[in-house]
Amino acid sequence: MKNSSDRKSVPTGRERVLKALGYEQVDRIPVDLGGTLGTGAQVSVIAGLRRVLGLDEPGTPVKVVEIYQMLGEVAADLRDALGIDVVNLPGPKNHFGFADADYKPWYTFDGTDVLVPGKFNTEPEPNGDILQYPQGDKSALPSGRMPKGGFYFDDIIRQEPIDDAKLDPADNLEDFALIGEEDLMVYERGARELYDNTDLAITAGFPGTAFGDVALVPAAFLKHPKGIRDIEEWYISTVSRRQYIKEVFAGQAEIAIKNLERIHQAVGDRVHVVWLDGTDLAAQNTLFCSPDAYRELYLPFSRKLNDWIHAHTKWKSMKHCCGGCEPFIDGFIDAGFDVLNPIQTSASGMDPQGLVDKYGGRIVFWGGGVDTQQTLPFGTPDEVRRQVTERLRIFNQKNGFVFTTIHNIQCNTPTENVLAMFEALGRNIKK
């Protein structure tokens, strides 16, 4: 048996991540899989990993922990096998507004046996599509669709005709409400359990903190959403109805701070990193708005939330932005974000060495570890190992790096490539 000094000589995952967040040197670069809604893996990938690692027999169902993107559970045995340093605190309700509870068996279109929440609609339409309903209520219009043969859900746009004379910011603020006692208890119990029973860094996402996240604009969790709900119309409105959008963001920020106060009272500093904002502002080769527009429209409201967090908690805040977001990074730093994800290095302006040279030591890089568009799904295991090794070298030059893939590992990614990624991280994979 190791004595106490031996145990202290090897940092825990929690200690390792906290050191990386503080730009301190670590014994090994911390690794995330499943810690956020953008750092997980599609459920069939998790099922394949579990089988190859001998954790499950063929046909053993895997729990879907996020049904919108169909992410599989990275359970404790898989975290242990792969040396993961991060664990996620689940929220009380999912993308469609019902609890991930009362799990039941289902199987995906590719034949993977899974477990889904009790209110998940498993009955296909005549054309084979699977629909989901807000709050699991089939008397309402459906708010999500998985096409036959698909792997994920798309939001169904339920935009009513817009009369600008009657447009009221309160309609778009219906998404944001003060959190109830029951939901607070879910956070409190979950945070206490993870903090006491794991030695991992704990991540969480709390409601209402992302300004203009188009994954949330359609409000798939509301039975009858009003206001601006079409994604294209929303983007147009950030220019043509900018004052309206500002009023929505101002009301949202006020509610969000009240909720953060209540949530912090419930979970304290047992949470270490908060996914605060998942609003994408860039595509692969272009921007959705100018850096100046970001500073006018988004930055002031994000800074209000970040200022409150940094004044009252020990949490670190994460900004998620896909695409070629380099022109915004100074703005993200000025808004008070501590962490940037997913570091889409294949996009315009996102050269890894250039990012480290310009922003290293000023914002933590959480991602960028391997390309999930090309290298991981379509490369060879050797190509995966080479890219992972190179990214480890570059992104850790100034410390402040947590390794994870560029967004979620997608369906049909070969298991041998995922294992090659972990082998390049120095894991002794036993198959």
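This is a predicted model: local features need pLDDT of at least 70, side-chain atom pairs count only at pLDDT 80 or more; totals for chains, interfaces and linings use all residues.
Let me begin with strand β7, residues 144-146, which is joined to β8 by 2 bridges, with the two strands running antiparallel. Strands here are DSSP runs marked E of at least two residues, helices are runs marked H or I of at least four residues, and both are numbered from the N terminus. Within this pairing, Arg145 has Asp154 of β8 as its bridge partner.

Residues are numbered from 1 along each chain as its sequence is written, and side-chain values use heavy atoms, with hydrogens and water left out.

Which strands make up the open sheet? There are 3, in the order β6-β7-β8, with antiparallel pairing, where two strands pair if DSSP finds at least two bridges between them. Strands β6 (130-132) and β8 (154-155) are the edge strands, each pairing on one side only.

Turning to the whole chain, we find 15 helices and 14 strands. Its radius of gyration is 21 Å, close to the 22 Å that the globule rule gives for 431 residues, so the chain is as compact as a globular protein of that length; the radius is taken over C-alpha atoms, and the rule is 2.2 Å times the number of residues to the power 0.38. Along its principal axes, the C-alpha trace spans about 70 × 50 × 45 Å.

Finally, 56% of the 431 residues count as buried, meaning under 20% relative accessible area with a 1.4 Å probe, protein chains only.

Technical notes
Buried means under 20% relative accessible area, exposed over 50%, partly exposed in between (1.4 Å probe, protein chains only).
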